[in-house]
There are 2 protein chains.
Amino acid sequence: MGATMKDIAKRTGLGLATISSYLNGGNVREKNRIKIEEAIEELHFEVNEVARGLKTNRTKTIGIVIPELNNIFFAEIITEAEDILRSHGYATMICDCRSDAEREKEAVEFLYHRRVDGLIVMPTGRTDPGFKRFVRAGKPVVMIDRKMQDVPCDCVLVDNKGAARDAVKRLVRAGHRKIGMIAGPDNVYTARERLKGFQEAVAEMDAVADETLITGGNYTIAGGAAAMRKLYKMHPDMTAVFVTNYEMTVGAMMEINDLGIRVPDELSVIGFDNVDFAKASVPKLSIVTQPTASIARAAADNLIERLESRPVNEKADEDADGERMTVTVTLKTGFVEGRSVKTMNN
Amino acid sequence: MGATMKDIAKRTGLGLATISSYLNGGNVREKNRIKIEEAIEELHFEVNEVARGLKTNRTKTIGIVIPELNNIFFAEIITEAEDILRSHGYATMICDCRSDAEREKEAVEFLYHRRVDGLIVMPTGRTDPGFKRFVRAGKPVVMIDRKMQDVPCDCVLVDNKGAARDAVKRLVRAGHRKIGMIAGPDNVYTARERLKGFQEAVAEMDAVADETLITGGNYTIAGGAAAMRKLYKMHPDMTAVFVTNYEMTVGAMMEINDLGIRVPDELSVIGFDNVDFAKASVPKLSIVTQPTASIARAAADNLIERLESRPVNEKADEDADGERMTVTVTLKTGFVEGRSVKTMNN
DNA sequence: ATCCAAAACCGAAACGTTTCGGTTTTTCTA
DNA sequence: TAGAAAAACCGAAACGTTTCGGTTTTGGAT
């Protein structure tokens, strides 16, 4: 079917190496350039990336491993990252591991097999599902959103602790003392950070520090709903609740709806992540937002930079005992004011 | 770094062909099998898919082109499809073209270059961005959600017309006559179908047939909000509105919220797509749902079947003048009852 | 023990690139 | 215009598989 470089060489009377040189941006005499371009045009030649990959040992493909694709927070990051990477000629292979450590391991192995050049990941569990293998092979890994101690790689994080602390302080300043928190699973890095932020704020601001005001919601809609119910049953006098991701915010709102609680008169709410949902809620929700586009850009740029500058340091990497200098960037969150927080006049 | 088949051959004293045979499920003498497995274990051998791909001319990769990844409807389908494909050893390269025809064309070209074995696509525009090239090359293409006349390929559709008709009939049966519709862009297949369904129902049920009751919302949140406002301004006496995708449903709810309209007392609403959002709304929304998992499964299974059975018909395909038998499956939508439709006692 | 078909095995060629040394051509300098 | 440096060019080997003929081994049947 497709024409090969050999065909182009034959057609133009030039050598294989010259064609290759032309294709890779090397110098070629003007008249030959024209001949080559004509031949390419006529024969509809397109370079075979697979063959090239075999030879160069680079697939120009990067793997992405995420917990859930049907989660707007992740999806937004992926969209942006894919766009940037593709504009640099990199294809992306996305693997959704459904927040399951076993699947995650399979995905990483799968991508290793496929010999992707690098990885963008949001680790699901606390143990390495095989990232180290990439690092050992000199393939860059950048971790997003969550950190993992024992894998030496670049990270792009968000100031989760600060975001939570800030949100809670807002509530306290509005006069709330008894504040509930719907937390994420404690094996997830972001959940732990947000919890810390909550606790710090409670301590600093002298709000009610009661362990039972903190309920796990598992980062799911159902979990958020269950947590909301539990909190409300246990603390009917609670005046505000802080929900710490999008899914749980949706779940909590469903439950609040079912319980017939009026927001913000009876209960103030601060949610997380999704501006659109917040604006579409009645009343509009106040929420913490994450800079998804910046996260994606930081991750993609970092990866590309590592990939393109690799050849130079090849030796340097080695003698540094495999231990590269890694960089971690932490981005700031935002806050969108809604009408779901009542100011108490006490 | 990595060991190759040659290393395994040397280590075991066997021939290259034998190793290849073993790796591809061929028969090998028991004792040799053991030797091979030991060698693989010791040398940490993993077959190089890139080299294999070069030789077999199959990348075991399929491309997915969608209008928006950060759109739950699409994201859910992708998640599921990716899962199925990967379990069959296929990697997926996802390209988000942001509903832009130009980007879509680039994406298709990109994937063609990458020599993916097949394509799952949701066409953005009405003209072929290059799918035909795949078809000509004997590579299966399956179209999801939207149909395109001039590209002969398999399709997985949803009964959009029926869904819309059904939804409107529900409204009429509940006593509504003056029903607004927030429609999608008319260059999108599904939007046209939903519009047809609406019009059919209005005609059949003798509801008010006024062109100005139909407003385009562009399938976006902002569009949905604007359309809602326009509808309300023009027809304050409208008693129900049918919104025809998730984003516009969110937008419409935002606007309804802003305008202070009470649902369902002043206005009944039927939305589209996202059950979770519907349940989290106040009051719970009645919505049309789409069978995302079934769509994904139908598409992925179809593709795999075409790919795995290809070698046999290779010849048959050809002499059929490139015109293969294509199949279109149409799936049924669902309906989730909420509390957003008022029953009029007139 | 002998023979034969079937099963298992083998090496070499090929897939379409890049790259390495080495050769030719061009261009510049004196 | 001769000579040399630089630029352009070249073919062959290599990347790690699969596959094609052909050869050897195996295990029954005689």
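In which sense do strand E10 and E12 of chain B pair, and over how many bridges? Strand E10 (residues 286–289) pairs with E12(B) in the antiparallel sense, over three bridges. Thr289(B) has Gly334(B) in E12(B) as its bridge partner.

This is a predicted model, in which local features need pLDDT of at least 70, side-chain atom pairs count only at pLDDT 80 or more, and totals for chains, interfaces and linings use all residues. Residues are numbered from 1 along each chain as its sequence is written, chains are lettered from A and ligands numbered from 1 in the order in which they are written, and side-chain values use heavy atoms, without hydrogens and water.

**Sheet in chain B**

The open sheet has six strands, ordered E7-E6-E8-E9-E10-E12, with mixed pairing. Strands are DSSP runs of E, at least two residues; helices are runs of H or I, at least four. Pairing requires at least two DSSP bridges. The edge strands are E7 (214–216) and E12 (334–336) of chain B.

**DNA strand D**

Around DNA strand D there are 26 residues, each with a heavy atom within 4 Å of it. Among those that come nearest are Lys55(A) and Arg52(B). Sugar and phosphate make up 77% of the DNA strand D atoms within 4 Å of the protein. H4(B) gives the most to this surface, five residues.

The table lists polar contacts (N or O pairs within 3.5 Å).

| Residue | Protein atom | Distance to a phosphate oxygen of DNA strand D |
|---|---|---|
| Gly13(A) | polar backbone atom | 3.5 Å |
| Thr18(A) | polar side-chain atom | 2.6 Å |
| Ser20(B) | side-chain N or O atom | 2.9 Å |

How values were computed: Polar contact = N/O pair within 3.5 Å; in protein donor to acceptor, adjacent residues only side chain to side chain.
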